[in-house]
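Biologist: I have a structure on my screen and want to learn how to read it. Could you take me through some charged side chains and a pocket?

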Amino acid sequence: MGVTGSRFMEHFANDDKNAPPNSKVLLEAMSKGVQVRILIPKPEFLSSESEKRIGENARARYIKIKESYPKNFHVRYFNHVPAHSVFLVDDECIVGPIFPELSSKYTPALYLRSKSPFAEKYIDYFEHEWKKSFEL
């Protein structure tokens with residue numbers, strides 16, 4: 001869960017043939033059956049024209065990846081301004097705030113065990129938003 005997911009895709013699901021192997025880990029995982037769910041705001045809830053352009057580029061990338069991994073890759077959109085970034089893999093969870101109109105690239109985040117009471121609230125929040133969300 002985040003703003004556009006663009007940086008996440010660049011770092012972990014880069015399908016460029018010249019991208020380094022470590023930036024393809026998510027693609028490799030999906031080829032082995034791992035499920036990936038990305039939850040981001042509808043474009044009208046992005047705070048700047050720059051974010052909207054980044055979001056459009058990310059959406060094009062999502063469509064391309066969905067064609068390759070139709071059963072493993074899911075992207076949905078929610079109807080409000082983003083407030084939290086939530087990243088969950090296995091038993092690790094990273095959560096942080098999203099501040100409108102400020103870059104979140106270097107915003108401090110919390111690294112948690114996914115079974116901790118603190119992380120469980122964020123995971124519950126993600127699941128709640130996922131159920132209300134939709135595909136574009």
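**Reading charges and a pocket**

Modeller: In this predicted model, the side chains of Asp 91 and Arg 113 meet in a salt bridge, 3.8 Å from N to O. The pair links distant parts of the chain, 22 residues apart. Asp 91 sits in the loop between strand 3 (84-89) and strand 4 (92-97), and Arg 113 belongs to strand 5 (residues 110-113).

Biologist: What is the general idea behind such a pair?

Modeller: Side chains of opposite charge can pair when their charged atoms come close. Here the cut-off is 4 Å between the nitrogen and the carboxyl oxygen, so 3.8 Å counts.

Biologist: Which residues are linked in a network with Asp 91 and Arg 113?

Modeller: Glu 92 joins them in a network of salt bridges.

Biologist: How exposed are Asp 91 and Arg 113?

Modeller: Asp 91 is partly exposed, at 41% relative accessibility. Arg 113 is partly exposed too, at 46%.

Biologist: How many salt bridges are there by this rule?

Modeller: The count comes to eight. One of them joins Glu 49 and Lys 52, with the closest N and O atoms 3.9 Å apart. These residues are three apart in helix 3, so about one helical turn separates them. Glu 49 is exposed, at 53%, while Lys 52 is partly exposed, at 25%.

Biologist: Where do Glu 129 and Lys 132 lie?

Modeller: Both are in helix 4 (residues 117-132), three residues apart, about one turn of the helix. Glu 129 is buried, with a relative accessible area of 5%. Lys 132 is exposed, at 52%.

Biologist: What is the nearest side chain of opposite charge to Lys 24?

Modeller: That is Asp 16, 6.1 Å away. Lys 24 is buried yet has no salt bridge. Lys 24 lies in the loop between helix 1 (6-12) and helix 2 (25-31). Look at the backbone as well. A polar atom of the Lys 24 side chain lies 2.6 Å from the backbone oxygen of Asp 16. For the backbone oxygen of Asn 14, the distance to a polar atom of that side chain is 3.1 Å.

Biologist: Now the pocket. Which elements each supply at least two residues of the lining of the second largest pocket?

Modeller: Helix 3 (49-68) and strand 2 (73-78) do. The second largest pocket holds about 170 Å³ of space. Its lining includes Arg 59, Tyr 62, Phe 73 and Glu 135. By type, the lining residues divide into six nonpolar, one polar and three charged.

Technical notes: Residues are numbered from 1 along each chain as its sequence is written. This is a predicted model: local features need pLDDT of at least 70, side-chain atom pairs count only at pLDDT 80 or more; totals for chains, interfaces and linings use all residues. Side-chain values use heavy atoms; hydrogens and water are left out. On a 1 Å grid over the protein atoms alone, a cavity is a set of points where a 1.4 Å probe fits but cannot get out, and a pocket is an open set with protein on both sides within 12 Å along at least five of seven lines; lining residues have an atom within 4 Å of a point. Grid points are joined across faces, edges and corners, and a volume is the space filled by probe spheres set on the points. Helices (H or I, at least four residues) and strands (E, at least two) are DSSP runs, numbered from the N terminus. Ala, Val, Leu, Ile, Met, Phe, Trp, Tyr, Cys and Pro count as nonpolar, Asp, Glu, Lys and Arg as charged, and the others, Gly among them, as polar. Buried means under 20% relative accessible area, exposed over 50%, partly exposed in between (1.4 Å probe, protein chains only). Lys and Arg count as positive and Asp and Glu as negative; His and the chain ends are not counted. A polar contact is a pair of N or O atoms within 3.5 Å; within protein, one must be able to donate a hydrogen and the other to accept it, and residues adjacent in sequence count only if both atoms are side-chain atoms.
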